[in-house]
Amino acid sequence: MSARMEGDDHSYSYSATTIRNGLISGYTAGICGIVIGHPLDSLKVLLQTANAGPTNPSSASGSGVRVGAKVVNSSNFVISRASSTAAAAAVSTRPSSVQTSNIIPAGKRSLTSLYAGVTGPLLTVGLIQSINFAVYDSVRRVLYERQLRRENDNGVVLVNCLPDDYLHYDDLQNVAVASFISGGATSFLTSPVTMVKTKQQIMQWSFRKAIQDTWSRGNAKMKLQNFYTGFGIHFCCDAFGRSLYMFTYEYLKRSMSERQHVDVDSNSASPANLSIPQRMICAASAGMTCWAFIYPADVIRSRLYSQSLNSQSLPSTMDGIRLAQQMVRETGFQSLYRGMPISVARAGPVAAAILPVYDYMLDMIS
């Protein structure tokens, strides 16, 4: 099933070697991103979840707004699920199960404390990113083969092809589809890590305590489900966010390359000829664009994780949608963009490290 071109012995189908290359490149890029971006990620989470949960019984039992079968606390947007099937949910009016009033504000945190929650990502993000990029690279190869077959059927004959041509000449829709699939596939792995990390960042807990707290809540018979609170929103962040991220990166690289070689032979207009600083600019722009787009969903995700600290009943994806609606009604759309400058500022340097490192490693070992 290998697509071979005239005068060329190269195949674009994935193999054990290409998967290995993707794993190594993704692992290296993932570790670089964590070291650079985790402190700013902590600031983002603290700003998103500021005043997100009840700090005492009186604040939790304030005036409520009924939405269908739900009662939503209008001051703190606290949503909890009732066990009865007759009533979908009711807000918890008992004291918080976690002393969220002891949370240290973002402005008073030391640099060291901003690395709270880095254990989980350091242990797992290299593996997760390597899987993500390996799936992404393999799907791009498969889609590029199909693209070449269509072009060959239309009488297009390609010569002097190279093994890495799929990285520079495939359709951008291939990039979007491949990154959506890879982001969606790894979201099942990133959900537990993100939830535990968020709790560590908010409460400055140890990795072990955050896992224990998550395990102790929710359905006693389905403990693993506790790590997938609001999974639908997390899936959207990972799948759609990743798709926009990689699509924008490749589009900017190709656009920059075309402008750079506008008066030269078109064969020279390849993203492969871009310098590292140029790739970093494209990557930073892609990261900032992606986060500007998915940021409201990320705010709701962080809020849901924060609310899970205050109740044994874990919020669902629908609770997240109702929470977003309530936040907009109460304080306007700006409530969905709390902490966005920090997140965008973080996305730039992190993406500028991850994607060029991935490109460089993949080119070097391939």
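1. Over the ring of which residue does the charged end of Lys 209 sit? That ring belongs to Trp 205, and the charged end of Lys 209 lies 4.8 Å from its centre; a charge sits over a ring if NZ of Lys or CZ of Arg is within 6 Å of the ring centre and within 35 degrees of the ring normal.

2. This is a predicted model, in which local features need pLDDT of at least 70 and side-chain atom pairs count only at pLDDT 80 or more, while totals for chains, interfaces and linings use all residues. Residues are numbered from 1 along each chain as its sequence is written, and side-chain values use heavy atoms, with hydrogens and water left out.

3. The structure holds two cavities of 30 Å³ or more, a cavity being a set of points, on a 1 Å grid over the protein atoms alone, where a 1.4 Å probe fits but cannot get out, with lining residues having an atom within 4 Å of a point. Grid points are joined across faces, edges and corners, and a volume is the space filled by probe spheres set on the points.

4. The largest cavity has a volume of about 870 Å³, and among its 39 lining residues Gln 129, Asp 238, Arg 242, Trp 291 and Arg 346 are the closest to its centre. The lining divides into 16 nonpolar, 15 polar and eight charged residues, where Ala, Val, Leu, Ile, Met, Phe, Trp, Tyr, Cys and Pro count as nonpolar, Asp, Glu, Lys and Arg as charged, and the others, Gly among them, as polar. Arg 242 also has its charged end over the ring of Phe 133, 4.6 Å from the ring centre.

5. Phe 133 in turn pairs with Tyr 136: their ring centres are 6.5 Å apart and their planes at 75°, so the pair is edge-to-face. Rings of Phe, Tyr and Trp (its six-membered ring) pair if their centres lie within 6.5 Å, with planes under 30 degrees apart counted as stacked, over 60 as edge-to-face and the rest as tilted. Both Phe 133 and Tyr 136 are buried (under 20% relative accessible area, with exposed over 50% and partly exposed in between, for a 1.4 Å probe and protein chains only).

6. The rings of Phe 188 and Phe 231 have centres 4.9 Å apart and planes at 35°, so this pair is tilted. Phe 188, at 45% relative accessibility, counts as partly exposed, whereas Phe 231 is buried at 18%. Both residues belong to a cluster linked by ring pairs, which also includes Phe 180, Tyr 228, Phe 235 and Phe 240.

Technical notes:
On a 1 Å grid over the protein atoms alone, a cavity is a set of points where a 1.4 Å probe fits but cannot get out, and a pocket is an open set with protein on both sides within 12 Å along at least five of seven lines; lining residues have an atom within 4 Å of a point.
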